[in-house]
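Thanks for coming, everyone. Let me put today's protein on the screen, and then we'll walk through it.

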Amino acid sequence: MKSLINWFLNPPTDESAAITLLRLIAGGVFFSEGILKFVFAAQGVGRFTKLGLPAPELMANFIGTFEIVGGLFLIAGLLTRLIAVPFLIEMAVILLTTKVSLFLGTSPLPSPPVPPQAGLFAVLHEGRPDFAQILILIVLLIMGPGRLSVDGFLARRRMLAGPASLTSENRQRHILAGRL
């Protein structure tokens, strides 16, 4: 259990800076979707009501707040791996509550404006942003937030303060390799 906690809280910090772009994309989408749930009732309470979710007002406010705060965490690269897990769960719930009924042609939400309006191709077309978010979250969960993140900054700071086992020679190698 300790190693799992360590894996979540101490991600690698030497990943490509391209990871930053993925964090910004996913975080920006969650952040903006969270705001939409408060600004437009049809995107929050109205949508949750149509889907038949319990306590739609409470649920929409909770999810909206979570998306705003979690989106900011992803953008900053703070607790990236930890926040990716509940976001993956949220995305699975989104697929189950919206795409299964779309597949079956029984969705309580408005149909897509043009064919396909039900079935597999409708799900693939309407679900592409959801699938992209899921894949980005999986990459962030596996690879961590990258160098240009709060997590990366904190890890480098811990490394500089360093454990006694990190000799000055090894510390210098890390600095030269761009890891500190």
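First, a term: accessible area here is computed by the Shrake-Rupley method with a 1.4 Å probe. On that basis, the protein has an accessible surface of about 10400 Å². Carbon and sulfur atoms account for 72% of that surface. Keep in mind that this is a predicted model.

Now the layout. The protein has nine helices and zero strands. So what about burial? Of its 180 residues, 33% count as buried. Next, contacts. Take those with a separation of 6 or more: 69% of them join residues 24 or more positions apart.

Let's go inside. The largest nonpolar core holds 16 residues. Those with the most contacts inside it are F30, L74, I83, F87, M91, L137 and L140. Which elements give two or more residues to this core? They are α2 (18-39), α4 (56-76), α5 (80-104) and α7 (128-143).

Stay with F87 for a moment. Leaving out residues up to four places away in sequence, F87 touches F30, F66, E67, G70, G71, L74 and L137.

Pick E67 from that list, and we come to the charged pairs. How many salt bridges does the structure hold? Two.

In one, the side chains of E67 and K37 meet, at 3.0 Å from N to O. E67 is in helix α4 and K37 in helix α2, so this pair ties together parts 30 residues apart in sequence. Are these two buried or exposed? Buried means under 20% relative accessible area. E67 has 3%, so E67 counts as buried. K37 has 12%, so K37 is buried too.

The other bridge joins D130 and K99, with the closest N and O atoms 3.0 Å apart. This pair also links distant parts of the chain. D130 sits in helix α7 and K99 in helix α5, 31 residues apart. D130 is buried at a relative accessible area of 12%. K99 counts as buried at 11%.

Finally, the outside. A nonpolar patch lies on the surface, made of L96, V100, F103, L104, L120, F121, L124 and F131. Together these residues have about 810 Å² of accessible area. Both α5 and α6 (120-126) supply at least two residues of the patch. The largest share, four residues, comes from α5.

One of the patch residues is F103, placed in helix α5.

Methods:
Residues numbered from 1 in each chain as written. Predicted model: local features only at pLDDT ≥ 70, side-chain atom pairs only at ≥ 80, totals over all residues. Heavy atoms only, no water. Buried < 20%, exposed > 50% of the residue type's maximum accessible area, 1.4 Å probe, protein only. Contact = heavy atoms within 4.5 Å. Core = buried A, V, L, I, M, F, W, Y, C linked by side-chain atoms within 4.5 Å. Patch = residues over 30% accessible without salt bridge, like charges linked within 9 Å, V, L, I, M, F, W, Y side chains within 5 Å. Salt bridge = Lys/Arg side-chain N within 4 Å of Asp/Glu carboxyl O.
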